[in-house]
Every structure is written in C-alpha cells, then in structure tokens.
Amino acid sequence: MSPQTPIVIRTLGDILAHPGHTLSAHCPACRHLEPLDVRRLVARYGGDIEPRELAPLLRCRQCDHKGGEIIISTVGRSA
Ligand SMILES: [Zn+2]
C-alpha cells in the first residue's frame, strides 16, 4: 500500500474506519458548532449513510434551527 493513497470519506462508516476524522454540525442560523457522535449516528442510521444526508435532519441545540451543515474535519495525524 502506498502512503500517497488518498483517504476517501463518503459515508459514516468510512469516518469510523479512519480514526482522526470527526464530524461536526454547523448551524447556519446562530453559527453554533456541535461535534457529532459518529458511533451513535451509525447505530441509528447505519454506516452507509452519507454525512450530507444528515444535514436536513439536524436540529440546533442552541437556537432550535432545523437543518444545518455537516463538517468533516481531520484531527491531527497518527503519531
Ligand atoms: Zn443554531
């Protein structure tokens, strides 16, 4: 395997399979940013769902706005 191989994150299952990636929900109304628990989402929706499919399902904990943006971030590097 090559270290150059890009990691393609398409589904929630992919995120779980590649530690170092986290999912956050961003509220466009109040700009609240909330980390999402990927394991819980997978348990609920299955590993084949794509993060963007979750966006309309989001509800902001802070302002109760429905719908948001899903942000995938990379945290650090494997030491
Ligand atoms: Zn909000």
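How many helices and strands does the protein have?

## Model and overall architecture

The protein has three helices and three strands, where helices (H or I, at least four residues) and strands (E, at least two) are DSSP runs numbered from the N terminus. Their order from the N terminus is α-β-β-α-α-β. Along the principal axes, the C-alpha atoms occupy a box of roughly 45 × 25 × 15 Å.

The model is predicted: local features need pLDDT of at least 70, side-chain atom pairs count only at pLDDT 80 or more, and totals for chains, interfaces and linings use all residues. Residues are numbered from 1 along each chain as its sequence is written.

## Burial and contacts

Of the 79 residues, 9% count as buried. A residue is buried if 20 or more other C-beta atoms lie within 10 Å of its own, exposed if 12 or fewer, and partly exposed in between, with C-beta atoms placed from the backbone.

Two residues are in contact if their C-beta atoms, placed from the backbone, lie within 7 Å. Among contacts between residues at least 6 apart in sequence, 62% join residues at least 24 apart.

## Helix H2

Ala-43 lies in helix H2 (residues 38-45). Ala-43 is exposed because 11 other C-beta atoms are within 10 Å. Its C-alpha atom is separated by 15 Å from that of Leu-23, 20 residues apart along the chain.

## Loop residues with positive phi

Arg-31 belongs to the loop between strand E1 (21-26) and strand E2 (33-36). Although Arg-31 is not a glycine, it has a positive phi of about 65°. Arg-31 is exposed, with 10 other C-beta atoms within 10 Å.

Asp-64 is in the loop between helix H3 (51-54) and strand E3 (69-74). Asp-64, likewise not a glycine, has a positive phi of about 70°. With 10 other C-beta atoms within 10 Å, Asp-64 is exposed.
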